[in-house]
Amino acid sequence: MKVEFQNLSKQYEPGHTVLSPMNFSDEVHTLAIIGPSGGGKSTLLRIIGGLIAPTTGKLWVDSEEIKQNEAALQQYRKKIGFVFQQGGLFRHMNARDNIAVPLEQVHGYDRAESRGRALELLERFGLKEDAEKKPAALSGGQQQRVAIARAVAARPKLLLLDEPTSALDPEYTTEVLNVIRELKEDGMHFIIVTHEMGFARHACDKVAFLCDGSLMEYGESAQLFQCPETEQLKRFLGKLLEWNI
């Protein structure tokens, strides 16, 4: 799937530039966006997902220009799956309904279809026995797996994940990353903002390094990790690896 943007930037107020003007064009299958906090990673992901508008520039996904009016964005968002840092599940709904209700209300599924699809995904992600549980009764890893199931339920053409493991203990982090890797093996296109460097290196085809609101480096995962070109990326990776065993 081709993702392209030209002169894309985001400024929330004068003197507060989150993303400097940047250009990008490539076929995206599995892409990790990495970089220090405050570098603009989540902002870029939200622009790609049609959740916030850029200050300047144009964006194309799958050769379709993403028009920045609400009617067009509503239609575009239906084609995108989004997973947030802490899932964003509806607290008053059980796991099954968290998946089924959006299928009915947003995508036009009937009740039988939506419930069938929800149960299919819950079983696939090891959550069959948890279908009736509300989020408060689920572990962090289970909640994120439900969130991923909800995001892929309507078979989106692109899945966007914004640090889906940032609030999880290591054991639950592995659960969630295994689900994402499984989706990759099924051919799902995704872009993930992550601090999990092992996952970025070994499970994603390409990596983009954002720092200070700029796209500093982009390329094949193995090459970028083995031979970083900028001092910023060298320092970033050095800090992350300092305490590795």
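A nonpolar core is a set of buried Ala, Val, Leu, Ile, Met, Phe, Trp, Tyr and Cys residues joined through side-chain atoms within 4.5 Å. Keep that idea in mind as we walk through this structure, which is a predicted model.

Let's start with the sheet. Six strands form an open sheet with mixed pairing, and their order is β6-β7-β8-β3-β9-β10. At the edges you will find β6 (80–83) and β10 (214–220), each of which pairs on one side only. On average, neighbouring strands here are turned by 15 degrees against each other, ignoring direction.

In soluble globular proteins, nonpolar side chains tend to be buried together. The largest nonpolar core in this model has 46 residues, and the members that touch the most others are I34, I148, L159 and I180. Helix α5 (residues 140–152) supplies the largest share of this core, with six residues. A second, separate core has 27 residues, among them L19, M22, I48 and V193. What does L159 touch beyond the residues up to four places away in sequence? Its contacts are G81, F82, V83, A151, V152, L183, M188, H189, F190 and I191.

Next, find the helices. Helix α6 (residues 170–185) lies across β3 (30–34), β7 and β8 (190–193), and runs at about 155 degrees to β8. Two packed helices are described by the angle between their axes and the distance between the axes. For α5 and α6, the axes come within 8 Å and cross at roughly 20 degrees. Angles under 35 degrees count as roughly parallel, so α5 and α6 are roughly parallel to each other. Their crossing is right-handed. On the α5 side, the contact is made by G141, Q142, Q144, R145, I148 and V152, while α6 brings Y172, E175, V176, V179, I180 and L183.

Finally, follow the chain out of α5 to R155, which sits in the loop between α5 and β7. Is R155 buried or exposed? Its relative accessible area is 54%, and over 50% counts as exposed, so R155 is exposed. Leaving aside neighbours within four places in sequence, R155 is in contact with Y109 and R117. R155 and K78 are 77 residues apart in sequence, yet their C-alpha atoms are 9.7 Å apart in space.

How values were computed. Residues are numbered from 1 along each chain as its sequence is written. This is a predicted model: local features need pLDDT of at least 70, side-chain atom pairs count only at pLDDT 80 or more; totals for chains, interfaces and linings use all residues. Side-chain values use heavy atoms; hydrogens and water are left out. Two strands pair if DSSP finds at least two bridges between them. Helices (H or I, at least four residues) and strands (E, at least two) are DSSP runs, numbered from the N terminus. Axes are lines fitted to C-alpha atoms, for helices over the stretch in contact, and angles run from 0 to 180 degrees between N-to-C directions. Contact means heavy atoms within 4.5 Å. Buried means under 20% relative accessible area, exposed over 50%, partly exposed in between (1.4 Å probe, protein chains only). Angles under 35 degrees count as roughly parallel, over 145 as roughly antiparallel, 65 to 115 as roughly perpendicular and the rest as oblique. A crossing is left-handed if the near helix is turned anticlockwise from the far one by less than a right angle, and right-handed if clockwise.
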